[in-house]
Amino acid sequence: MSDNARKTALITGASSGIGEAFAKVFFDEGFNLVLTARREDRLQALAEQLRKDKNGNIHVVAADLSQPSAPQKILDYCSNKNIHIDCLVNNAGYGNPGKFEEISWQSHQDFLQVMITAVTELTYLFLPGMIEKQYGRIINLASLAPMIPSPDMAGLYSPVKIFQIKFSESIHQQYLDQNIFCSAVCPGLTRSEFHVAANMHEVANSPNWLWMDSMTVAKQGFNAVMKGKSFIINGGLNKFFAVLAKAIPENLTRSIAKGLTKRSY
Ligand SMILES: NC(=O)c1ccc[n+]([C@@H]2O[C@H](COP(=O)([O-])OP(=O)(O)OC[C@H]3O[C@@H](n4cnc5c(N)ncnc54)[C@H](OP(=O)(O)O)[C@@H]3O)[C@@H](O)[C@H]2O)c1
């Protein structure tokens, strides 16, 4: 991509795992970047590392997406620096495991803010610019979780991922004819900081053959949105699990999942 034609991708949750991998993939494909997450030091280190390999503009804006003001703060940062966002990757997310009623309401509220409201609001704020330019690519990091029996992740993880899948489909259909594509990318188990951050150590120790790496997930996500696919499940094994879960009785899939990940289903 020539410098004049360089487009810019805004990536949330770029300080680790799949978001960091998306930053590498977009930069490698010739995009400028706006990276956001709470850990600014991680984002700065990533920006520095990327700049060593290639030319391109990389901006870092630290933001906590559990704060309702964060999406507007990110938009204001971009507007003040005259940065047009061509691609939005709503990737930031985490697990909030535990019994639904034992988790504080504040914790549920923060979770919904990060996983639903921030995703929706960032899309709402950056979409008009995409419509104006008649070009936009939006990726929402959903999950395989709602398609298979999932462990108890506070009861809200699968529901928010279903929202992200349906929201992606809806945006994709509404803006497809304006050259704006929106993809729900649905990984299964992927090596990142996710399971350790959520204290899901038993899952983190489940067999290696169940796992994908973040880079492969990000590359597949990039290719999906560029080709205008509104939904992908990452990897053959995860696609197989999704089909299998539909085909066999739910209590059997729960027992298989329990055996593999040592969690109660
Ligand atoms: N790993 C998997 O097996 C898997 C499977 C399916 C779907 N996913 C989805 O993939 C996405 C990325 O997860 P990952 O696996 O890459 O996990 P990860 O390594 O833990 O990364 C999560 C990212 O989200 C950011 N984040 C978390 N809370 C935030 C907040 N309040 N405000 C701003 N940023 C926040 C984190 O940055 P800071 O801590 O610096 O803020 C970090 O950059 C998530 O949406 C997750 O649900 C993961």
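Analyst: The second largest pocket is lined by Lys24, Val25, Phe27, Asp28, Glu29, Leu50, Asp53, Lys54, Met215, Lys219, Phe222 and Asn223. A pocket here is an open set of points on a 1 Å grid over the protein atoms alone, with protein on both sides within 12 Å along at least five of seven lines, and lining residues have an atom within 4 Å of a point. The model is predicted: local features need pLDDT of at least 70 and side-chain atom pairs pLDDT 80 or more, while totals for chains, interfaces and linings use all residues. Residues are numbered from 1 along each chain as its sequence is written, and side-chain values use heavy atoms, without hydrogens or water.

The space in this pocket is about 170 Å³, a volume being what is filled by probe spheres set on grid points joined across faces, edges and corners. Helices α1, α2 (40-53) and α8 (214-226) each give at least two residues to the lining; helices are DSSP runs of H or I with at least four residues, strands runs of E with at least two, numbered from the N terminus. By class, the lining has six charged, five nonpolar and one polar residue. Asp, Glu, Lys and Arg count as charged, Ala, Val, Leu, Ile, Met, Phe, Trp, Tyr, Cys and Pro as nonpolar, and the others, Gly among them, as polar.

The structure holds eight aromatic pairs, where rings of Phe, Tyr and Trp (its six-membered ring) have centres within 6.5 Å, and planes under 30 degrees apart are stacked, over 60 edge-to-face and the rest tilted. One of them joins Phe26 and Phe222 edge-to-face, at 4.9 Å centre to centre and 80° between the planes. This pair links distant parts of the chain, with Phe26 in α1 and Phe222 in α8, 196 residues apart.

One cavity reaches 30 Å³ or more, a cavity being a set of grid points where a 1.4 Å probe fits but cannot get out. The largest cavity holds about 40 Å³, and its lining consists of Thr12, Leu65, Asn90, Asn91, Ala92, Val114, Ala118, Val119 and Leu122. Helix α4 (residues 105-133) gives the most to that lining, with four residues. The cavity lining has six nonpolar, three polar and no charged residues.

Leu65, which lines the cavity, also meets the ligand: a polar backbone atom of Leu65 is 2.8 Å from a ligand nitrogen, a polar contact being N or O atoms within 3.5 Å.

Methods. A polar contact is a pair of N or O atoms within 3.5 Å; within protein, one must be able to donate a hydrogen and the other to accept it, and residues adjacent in sequence count only if both atoms are side-chain atoms.
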